[in-house]
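Subject: The structure I promised you

Hi,

Have a look first, then come back to my notes.

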Amino acid sequence: MSSFRLFLRDRSRNVSRLLCNLSFLRHMGGGPRTFPGGLNKWQWKRLHQKKAMEKEKKLLLHEKQLYEARVRTEIRAKLSGPSGRPFPSNAPQSSTHTPMTAKDHVRVLADRFTKEGAEDLWNEDDGPLKSPPARPRKLPGQNPPLDLRKTVSDRRNFESLDHRHHPSSGSEESDFESVTSRHLIQHPPLDSRKAVSDGSDESEGRIVEEGNALGRQSASRRTGLSHGSFSSFARRNYSVEARRPMSRFESRVKQSLSRDDGEFGSKGRGNSRRRRFSNGDSEDDSDSDVEGRVFRKNMMSSTALRNYDVKMTRRQPLKNVEEDNGSSQEIQMIRDELKRRVLDGNAERQCGEEEEESHLSQKRFDECNISPLTIKALSSAGYVQMTAVQEATLPVCLEGKDVLVKAKTGTGKSVAFLLPAIESVLQATSSGRNQRVPPILVLVLSPTRELASQIAAEANVLLKYHVGIGVQTLIGGTRFKVDQKRLESDPCQIIVATPGRLLDHIENRSGFSMRLMGLKVLILDEADHLLDLGFRKDIEKIVDCVPRQRQSLLFSATIPKEVRRVSQLVLKRDHVYVDTVGLGGLETPAKVLQSYFIAPHVQHFQLVYQLLKEHMARVLDYKVIVFCTTAMVTSLMFLLLRELKMDVREIHSRKPQIYRARVSDEFRESKRLSLITSDVSARGMDYPDVTLVIQVGIPSDREQYIHRLGRTGREGKDGECMLVLAPWEEYFLDEIKDLPIEKSSFLRLDPDIKVKVEDCMAQIDASHKEAAYHAWLGYYNSIREIGREKTTLVELAKQFCDSIGLQKPPSMFRKTVNKMGLRDIPGIQIRK
Ligand SMILES: Nc1ncnc2c1ncn2[C@@H]1O[C@H](COP(=O)(O)OP(=O)(O)OP(=O)(O)O)[C@@H](O)[C@H]1O
């Protein structure tokens, strides 16, 4: 009997333990997750999408109301007659009504686009809107641009909408409106600098797809397609329509192909670039640089966010649109109004320039509510005053709020997120000191291994006087077993990890996931990159393994609009958004001189060599970073420069981690050294006093250009950035047209250098060149504009082939050729 009672007691204990574990798991997010209201993850996401759509609709409605008010005003003005004749006796009269003049309306519209929150109407690359709070140094010829194109196309839509808003239009109308509003919110950018300054149509802007959508909508009416079928119809037809601008692009490329080798390109225009999937073995750096996970530029998971992730926009000449809707007079008035505001802004900016000189704010760390030991560590590291981003974020972070932060490169974001993280650890450890294996309280995620190590080193500096608080890195390229041993022998509270290796630990060691259940702070450095498609799945899995009751901090120098939307995967809804760049502010460090060179591929290696030589002759303590498109091209560039007897080092994903770490440390400490690297060094790396950054070939996107550039001009210092493009790559300039980049004055290529470079290139083993050719083809195949024109791509690859001294393009495996869609393309050799 007693043993039966014992059995019952054990059993009830087991059951209660199980229940306890289940509720714990549910709380931690480790078990089957439900969101408030019993929704699952996807339902929760869809709910947010719906809300975003509703918000867009509301904004559209607001715009529409403005437009309607304008129309009413015009009608009233017309009715009252040009000479102020009274209304006809049967017309309704109001003695108090004063019709809105066209000038007032222009003001209202200008207000609408410059007021707080208007950014919701913009794409991430819509260009500056209004003067930022922290004012950038005024650069020659740089006026804060304003997007008039958007205004124009809004008007066009409203007209269409208004036209269609007759009572007879029925329910289809609202479907249509939602289609239009979706497109409207994704308005493309305009080089408003140009628009404001000279009103020319030189900058070929992106005119929204909604114009086409309208046409297609009426087409869908004619063909009897419903809205749903219209959407898919529109999507299907997108690629067909897209051929039109592509053929222009192709003809431009063809022109450049037929150009004389010695010719420098002329100014061109282009389409926005989108990346697509390339072949698996294209040697694309990103494949392996992101810890073996494929990085692609489509901004959203299409499952999660459907058509929110791809901007279905197309560029059309601004001129046509203006002519089309016949509103050029009004546009000119809006321009004048905005120009006036810009001039006012410039006057203010000049006053603010002096403040800009120092990157530090007036506020000191000891004025903040952080531990005295941390302040002691900060002082011994030489940090007394805060930087702007630290001043802006510390108070909110210390309050425990979720924060999304955008601040320029080199402005001290790492310290900004590490300080509140350390405070959280201190608070948590003071309440639970006696745990044998302490939980992991802070998890910092970084996209690259070098950056993770750098953040851990910075954390160690700040923890100098805190005994018993430890930091560890979990990064790829090191032995997993060694990680495990370290985690056991030296349990720490702060982990800095790359997503891939962290997931390996979560999936392979249950003890590790248990330790994550006490997490207080989750930090995503380079958040936009981590939330991009290449990492999204990993981040979602990681977020599912950490408690929902946590603080999340997301930092980056670039936060595209899409990322703001998707950040809800990590952040609480009531998070705070801190933007120290400011809406329309200059996103690159003010003291970095930006220039570009247009030269055929065959001259790129020579050009880089000559630019390096000239810089070295000019700058005594030079320190240069050369970014190449892929790991294998980086390797070839390194071998060539070494052959040319230059003092160079290389870092890319094909190098062992131990080598990468050693080179990274050496470059950090050194002067008079050049680092040849792929995008593994593009983000976050804090190499002090880099004097020049050279980017060869188009960067994967605008953000990458900004991050690569940001390796120089850190902490408010001077710097230079040069972009080397082939003539057909010139269209990329359109994506960075709001940045103060200028065409470099003509550089005379030295004929002796040409011979020298060719001789040294000839010394390099053909296997390196073949690998570089394959990588090059893979990289550019993944770029939409050129990737879909396979014949042109192969012709351009042949140019690259010539530039590296290969007699003919190396053969490729049939499987690779098929994967890249290059079957039957002339110039492609299949390996037997
Ligand atoms: N308050 C401060 N006073 C002086 N120096 C600082 C301060 N805060 C940070 N720094 C230094 O500024 C440099 C840049 O910092 P950090 O690498 O964190 O920049 P970042 O904004 O994260 O750049 P990126 O966007 O490239 O990642 C570092 O060398 C850091 O030590």
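Below is what I found, going from the whole chain to the details.

**The chain as a whole**

First, a caution: this is a predicted model. The protein chain holds 31 helices and 16 strands. Of its 832 residues, 46% count as buried. Looking at contacts with a separation of 6 or more, 78% come from residues 24 or more positions apart.

Start with the open sheet whose seven strands run in the order S5-S6-S4-S7-S8-S3-S9, with parallel pairing. Its edge strands are S5 (471–474) and S9 (576–579), each of which pairs on one side only. From one strand to the next, the twist averages 15°.

Which way do its side chains go? Val403 and Val405 point one way, Leu404 and Lys406 point the other way, and all are buried. On one pairing, four bridges join S3 to the parallel strand S8 (residues 551–556), and Leu404 has Leu554 as its bridge partner there.

Look for Leu445, whose bridge partner in S6 is Ala497.

**The other sheet: S10 to S16**

Another open sheet has seven strands in the order S12-S13-S11-S14-S15-S10-S16, and its pairing is parallel too.

The partner of S12 is strand S13 (residues 673–677), and the two pair in the parallel sense over four bridges. Within that pairing, Arg649 has Leu675 of S13 as its bridge partner. Two helices lie across this part of the sheet. Helix H24 (residues 631–643) lies across strand S11 (623–627), S12 and S13, running at about 170° to S12. Helix H25 (residues 657–669) lies across S12 and S13, at about 135° to S12.

**Around the ligand**

How many residues surround the ligand? There are 20, and the closest are Thr409, Gly412, Lys413, Ser414 and Asp686. Strand S2 (385–387) and helix H15 (413–431) are the elements that give two or more residues to this shell. Sorted by class, the shell has six nonpolar, 10 polar and four charged residues.

**A helix on the inside**

Next, find helix H14 (residues 388–398). Eight of its 11 residues are buried, so H14 is largely enclosed by the rest of the structure. The buried ones are Ala388, Val389, Gln390, Glu391, Ala392, Thr393, Leu394 and Cys397. Just after H14 comes Gly400, with a positive phi of about 90°.

**Two helix pairs**

Two packed helices are described by the angle between their axes and the distance between the axes.

Helix H28 (residues 766–781) packs against helix H30 (residues 790–803) at an angle of about 145°, and their axes are 10 Å apart. The crossing of H28 and H30 is right-handed. From H28, the contact uses Tyr773, Trp776, Leu777, Tyr780 and Asn781, and from H30 it uses Leu793, Leu796, Ala797, Phe800 and Cys801. That gives nine nonpolar residues, one polar and no charged ones.

In the other pair, helix H23 (residues 601–618) and helix H27 (residues 751–763) cross at roughly 115°, with axes that come within 10 Å. H23 passes H27 in a right-handed crossing as well. Phe605, Gln606, Tyr609 and Gln610 of H23 meet Ile753, Lys754, Val757 and Met761 of H27. By class, the contact of H23 with H27 has five nonpolar, two polar and one charged residues.

Happy browsing!

Methods:
Residues numbered from 1 in each chain as written. Predicted model: local features only at pLDDT ≥ 70, side-chain atom pairs only at ≥ 80, totals over all residues. Pairing = 2+ DSSP bridges. Contact = placed C-beta atoms within 7 Å. Axes fitted to C-alpha atoms, helices over the stretch in contact; angles between N-to-C directions. Near = placed C-beta within 6 Å. Nonpolar A, V, L, I, M, F, W, Y, C, P; charged D, E, K, R; others polar. Buried ≥ 20, exposed ≤ 12 C-beta atoms within 10 Å, placed from the backbone. Left-handed = near helix turned anticlockwise from the far one by under 90°.
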